[in-house]
Amino acid sequence: MAAVRRLASSLLSRSLSSLFRGDGTRASASGVLRRFSTAVAVEEPITPPVQVHYTQLLINGQFVDAASGKTFPTLDPRTGEVIAHVAEGDVEDVNRAVAAAREAFDEGPWPKMTGYERSRILLRFADLIEKHNDEIAALETWDNGKPYEQAANAEVPMLVRLMRYYAGWADKIHGLVVPADGPHHVQVLHEPIGVAGQIIPWNFPLLMFAWKVGPALACGNTIVLKSAEQTPLSALYVSKLLHEAGLPEGVLNVISGFGPTAGAALASHMEVDKLAFTGSTDTGKIVLELAARSNLKPVTLELGGKSPMIIMDDADVDHAVELAHFALFFNQGQCCCAGSRTFVHEKVYDEFVEKAKGRALKRVVGDPFRKGVEQGPQIDEEQFNKIMRYIKAGIDSGATLQAGGDRLGSKGYFIQPTIFSDVKDGMPIAQEEIFGPVQSILKFSDLNEVIQRANATRYGLAAGVFTNNLDTANTLMRALRAGTVWINCFDVFDAAIPFGGFKMSGQGREKGIDSLKNYLQVKAVVTPLKNPAWL
């Protein structure tokens with residue numbers, strides 16, 4: 001993922017002083033004056049350079065209205081205004097989509113194609129995404145609020161890379177011939193699992209689309225995908241391109257709608273053979289229960305996190321501050337693996353806090369379509385209010401508010417980059433997933449202590465370690481109970497690197513060879529041999 005690494009490097013090293021257009025002031029809860037760049041946030045929003053063309057459900061290769069005729073608004077998080085009204089899928093629509101996917105699997109050409117034929121379609125799809133990079137990125141920014149530069153220079157190119165990666169796997173999925181203790185020929189076949197139900201979140205709509213659709217299609221399955229109600233537009237757009245690339249009708253069906261209706265119907269459907277979900281841990285429990293109560297379909301879950309970011313006493317503090325800032329504030333803090341518990345050794349704690357505060361005060365927040373903006377709005381009012389409640393909880397529990405703590409501007413869902421120091425393990429901001437631009441900085445004194453404290457959580461999605469000591473790095477990478485441990489880096493993703501969690505951060509893995517296992521059944525075939533020349 002060269003594009004992602006280039007963007008991360010740029011974000012981690014960019015000097016921001018030249019990007020400011022003005023400062024605003026506010027009094028914090030402690031009465032200390034804070035300075036923020038607010039001018040960008042209050043300017044008139046830029047008109048997005050893209051049109052919304054697809055707002056219906058995609059069922060059996062056709063865009064159709066919801067059976068009920070209902071629609072719901074998808075909002076621009078910069079302003080809270082309506083972008084478009086999108087078809088609201090419900091139980092009947094899920095039934096129609098599953099029926100189309102079932103027919104396409106049982107009777108249609110997709111699972112009967114050679115892997116090479118499937119590969120060629122996925123490669124054509126990747127080419128079309130690349131061709132429409134700017135339109136797709138603009139649509140994602142408009143509907144989600146993430147910086148356009150992030151979407152255009154990192155996320156859409158990553159979508160292209162992921163689809164090419166899975167295209168490469170399509171003709172390399174094969175079984176084994178294994179020896180048996182006797183005259184039998186034994187084959188182990190890897191077969192597509194059938195109809196896959198997939199539910200994706202709103203924070204990275206395009207990437208989560210690729211993480212799920214890519215391996216499922218490479219393995220020969222058909223799909224019913226429910227997009228997040230906050231961000232339905234990009235999945236519909238790229239699904240149209242996938243059909244333009246030659247995907248047969250019924251292989252991929254896309255339902256926009258709400259979790260308690262469309263999502264629940266998909267999770268509990270008796271004709272869905274496998275379910276994949278990315279979202280909160282609490283919702284993941286519901287999804288797993290619905291799947292178990294229906295046809296006991298296998299479920300993969302990529303859920304919440306409260307990832308530790310550990311800064312050792314041998315760290316280059318300036319570099320560590322920038323890395324920890326990126327680990328938390330990337331994507332408006334709306335990242336399941338965000339380094340949201342920043343553990344800093346007591347020897348460098350005070351210096352780190354002061355410099356982390358300074359970095360947060362320089363963060364450029366504003367219209368995500370504006371060049372140089374690092375942080376756009378939160379996704380919607382509900383998420384905005386949730387984050388503000390956590391900020392209040394941090395103040396009320398005795399943490400020291402070093403920076404931020406308020407909304408930014410009077411329009412849309414912008415929040416000031418917020419820093420808390422003197423955070424204790426039992427505080428809500430240290431225990432619960434905030435999913436916003438709020439950094440909690442905790443002090444520790446030795447290695448064994450920080451290992452115990454870092455692991456003292458129900459989550460285990462990711463962790464970060466910043467140290468120049470190889471022995472310390474080796475100790476922590478093995479001791480931390482997390483699915484990914486980044487050493488002297490953070491948020492480095494690649495199509496081949498598996499991603500998933502320990503404990504209540506989920507089960508199963510996305511990306512890499514491990515993701516293919518989610519969409520394959522293993523079948524043993526045993527045939528007697530008469531007078532074999534060899535066994």
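The structure is a predicted model. The protein has 17 helices and 22 strands. Its radius of gyration is 24 Å, close to the 24 Å that the globule rule gives for 535 residues, so the protein is as compact as a globular protein of that length.

**Helix H15**

- Helix H15 runs over residues 447–455, and its buried residues are Val 450, Ile 451, Arg 453, Ala 454 and Asn 455.
- The N-terminal end of H15 is capped by Asp 446, which has a side-chain oxygen 3.2 Å from the backbone nitrogen of Asn 448.
- An α-helix has 3.6 residues a turn, so residues three or four places apart point the same way.

**Helix H6 and Gln 150**

- Gln 150 belongs to helix H6, which covers residues 148–169.
- Is Gln 150 buried or exposed? Gln 150 has a relative accessibility of 5%, and buried means under 20%, so Gln 150 counts as buried.
- The side chain of Gln 150 makes a polar contact of 2.9 Å with the side chain of Asn 331.

**Helix H5 and Asn 133**

- Asn 133 lies in helix H5, made up of residues 133–144.
- The relative accessible area of Asn 133 is 14%, which is under the 20% limit, so this residue is buried as well.
- Which residues does Asn 133 contact, leaving aside its neighbours within four places in sequence? They are Ala 152, Val 156 and Pro 157.

**The protein as a whole**

- The C-alpha trace spans about 85 × 55 × 40 Å along the principal axes of the protein.
- Of the 535 residues, 58% count as buried.
- Among contacts with a separation of 6 or more, 74% are between residues 24 or more positions apart.
- The accessible surface of the protein is about 20800 Å², and carbon and sulfur atoms account for 52% of this surface.

Terms used: Residues numbered from 1 in each chain as written. Predicted model: local features only at pLDDT ≥ 70, side-chain atom pairs only at ≥ 80, totals over all residues. Heavy atoms only, no water. Helix = DSSP H or I, 4+ residues; strand = E, 2+ residues; numbered from the N terminus. Rg over C-alpha atoms; globule rule 2.2 N^0.38 Å. Buried < 20%, exposed > 50% of the residue type's maximum accessible area, 1.4 Å probe, protein only. Contact = heavy atoms within 4.5 Å. Areas by Shrake-Rupley, 256 points an atom, 1.4 Å probe, with all protein chains shown as cover. Polar contact = N/O pair within 3.5 Å; in protein donor to acceptor, adjacent residues only side chain to side chain.
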